[in-house]
Amino acid sequence: MGVWQLVAVGLVMALGLVGVLVQGVPGQAIVWAAVLWWALTARTPGAWDVLMGATALLLVSQALKPLLPPRRPHESGAPRRTLMLGGIGAIVGFFVVPVLGGIVGYVGTVYGAERLRLGSHGAGWASVRSVMRATGWSVLVELFACLLVAGAWLGVVLWG
């Protein structure tokens with residue numbers, strides 16, 4: 001597989017990660033399709049392993065979806081900008097502090113944005129709790145699953 005095709009797969013995967021943050025966009029399906037494209041083109045054992053793991057992980061994530069509170073971003077009281085910043089913070093955090101950094105990045109970025117917007121520590125944490133109740137858990141589970149898939153893909157591409 002050529003470098004440009006790997007870059008294209010990475011861009012599609014990034015589009016899927018952003019799609020997880022936007023309600024109505026099938027972000028998980030886009031990430032899985034990018035892995036499928038890569039596996040069918042690369043045809044290596046590592047690629048097939050990542051595809052099988054991604055399929056299993058994303059299916060488990062979909063099975064957990066009904067158990068989580070539904071997304072209701074308008075009920076959180078936070079602006080859409082805060083939620084998008086939280087998602088970007090989760091993506092950056094995942095790669096800065098592998099795996100657990102995604103959770104810390106999401107919650108920390110939402111807190112920072114809300115503290116700046118509202119002006120106090122207490123109001124910032126109250127807003128974080130509200131965001132987590134309204135959207136956070138379902139977004140976080142989906143995003144975390146997609147980030148694990150993206151991390152596995154990147155790991156196999158770089159070291160596999």
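**Figure 1. Burial and surface of the protein.** Of the 160 residues in the protein, 38% are buried (buried means under 20% relative accessible area, exposed over 50%, and partly exposed in between, with a 1.4 Å probe and protein chains only). The model is predicted: local features need pLDDT of at least 70, side-chain atom pairs count only at pLDDT 80 or more, and totals for chains, interfaces and linings use all residues. Residues are numbered from 1 along each chain as its sequence is written, and side-chain values use heavy atoms, with hydrogens and water left out. The protein exposes about 8400 Å², of which carbon and sulfur atoms supply 73% (accessible areas follow the Shrake-Rupley method with a 1.4 Å probe; for residues, only the protein chains shown count as cover).

**Figure 2. Fold and dimensions.** The protein has seven helices and zero strands (DSSP runs numbered from the N terminus: helices are H or I of at least four residues, strands E of at least two). Along the sequence the pattern reads α-α-α-α-α-α-α. The radius of gyration is 16 Å, close to the 15 Å that the globule rule gives for 160 residues, so the protein is as compact as a globular protein of that length (the radius is taken over C-alpha atoms, and the rule is 2.2 Å times the number of residues to the power 0.38). The C-alpha trace spans about 50 × 30 × 20 Å along its principal axes. Among contacts with a separation of 6 or more, 67% join residues 24 or more positions apart (contact means heavy atoms within 4.5 Å).

**Figure 3. The salt bridge between K65 and E142.** The structure holds two salt bridges (a side-chain nitrogen of Lys or Arg within 4 Å of a carboxyl oxygen of Asp or Glu). In one of them, K65 pairs with E142, and the closest N and O atoms are 3.5 Å apart. K65 lies in the loop between α3 (45–64) and α4 (73–76), and E142 in helix α7 (residues 121–159), so the pair ties together parts that are 77 residues apart in sequence. K65 is partly exposed at 34% relative accessibility, whereas E142 is buried, with a relative accessible area of 7%.

**Figure 4. The salt bridge between E114 and R117.** Here the closest N and O atoms of E114 and R117 are 2.7 Å apart. Both residues belong to helix α6 (residues 101–118), where they are three residues apart, about one turn of the helix. E114 is buried, with a relative accessible area of 0%, while R117 is partly exposed at 40% relative accessibility.
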